[in-house]
Amino acid sequence: MTSNPSSLRVVAATPIERELVDLITAREPRIEFVWEPELLHPQRFPGDHAGDPAFERTPAQQARFESLLDSAEALYGVPDERPPLLKRVADANPRLRWVQTMPAGGGAQVKAAGLSDGQLQRIAFSTSAGVHSEPLAEYALFGLFAGAKSLPRLLEQQRRHEWGDRWTMGLISEQRILVVGLGSIGRATARKLSALGAHVTGTSRHESAVENVDVVVHPDQIARVAPELDGVVVTLPGTAATENLVGREFFESLKPGASFVSVGRGTVVDEEALIAALRSGRVGFAALDVFASEPLAPDSPLWDDPRVVISPHTAALNSAEDRLIAELFAENATRLLDGAELINRVDTVEFY
């Protein structure tokens, strides 16, 4: 990556607060940060990078917004979180060098933009991977604990005001948990599970040993280890290589009653196979934050299964997210200007 240490013109393409703009420019004074909040969708909550969908620019505001985007050397976010707008900017702005995407799985946005090979070579893309690791790892533990401690049965008995008989509950410290994907989310999950005493199996296509992971297997081998698993956490991004990776063969091999948590991308899991596994009892409890198609269809049987907890792709959101992304952006801006490799640069072959 070539360096240009004099300056970097950055345009805010998604919502960001004034104090975070100041944080970024304080950490990297060579940034010229163009921020016109009246042109950006207002945030409804922390981490709301698309902003309020009710917001509409006037024609004059839209022209101004596009003019600013077309003057940028770097974009803070994909414009309005809409890949077709990224394509428009890439076509119109030959000066664009870098785009920081807001999601950890921002490679999916880049792929959806349908950029040319030349544009993918000219423009560097980076994601916010790592920012969401801790909250998603905590959600993974929440799901595994809920399954181990019989949450659906407890809620049903409480609803009925029924004391009932006693029964044994699972111990995470005695369980074998598969973490599908050992990126930043998977490693944070493995670290927490290891601290609890769980036996952790993880998947990797490239590594044979990972800290806090007892056994590493190739993703193609997950059905082989499925019969010994008490719980599963899926953290992989959505790519062509991961689509429906966790599918019928895996679920049909799974130890009956296993807990299942999905926090990566919904396309990694074959939902029909998951529904069948819930019906057969192979999956005893599922905590699902992501789905193949979002919002989840109202007629999905997952809504009505008492052994399923559904969260609307919100497990990663927390009050620190916006600040952490801003700090990451400042670090990457320094790297770009100094000719160093970007953190979380998108692989524009597999788009993760």
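Good morning, colleagues. Please note that the structure before you is a predicted model.

Seven strands form an open sheet in the order 8-7-6-9-10-11-12, and their pairing is parallel. At its edges stand strand 8, residues 215-217, and strand 12, each of which pairs on one side only. Neighbouring strands of this sheet are turned by 15 degrees against each other on average, direction ignored. As a detail, strand 11 and strand 12 run parallel and are joined by three bridges. Ala287 stands opposite Val309 in strand 12.

Two helices come next. Helix 6, residues 133-148, lies across strands 6, 9, 10, 11 and 12. Helix 6 runs at about 155 degrees to strand 10. Helix 8, residues 184-195, packs on the sheet and touches strand 6, strand 7 and strand 9. The direction of helix 8 makes about 165 degrees with that of strand 6.

I turn now to the backbone. Most residues other than glycine have a negative phi, and most peptide bonds are trans. Phe351 has a positive phi of about 60 degrees. Phe351 lies in the segment after helix 12 and is buried, at 15% relative accessible area.

Finally, the peptide bond from Glu294 to Pro295 is cis. Pro295 belongs to the loop between strand 11 and strand 12, and strand 12 is one of the edge strands already described.

Terms used
Residues numbered from 1 in each chain as written. Predicted model: local features only at pLDDT ≥ 70, side-chain atom pairs only at ≥ 80, totals over all residues. Heavy atoms only, no water. Helix = DSSP H or I, 4+ residues; strand = E, 2+ residues; numbered from the N terminus. Buried < 20%, exposed > 50% of the residue type's maximum accessible area, 1.4 Å probe, protein only. Pairing = 2+ DSSP bridges. Axes fitted to C-alpha atoms, helices over the stretch in contact; angles between N-to-C directions. Contact = heavy atoms within 4.5 Å.
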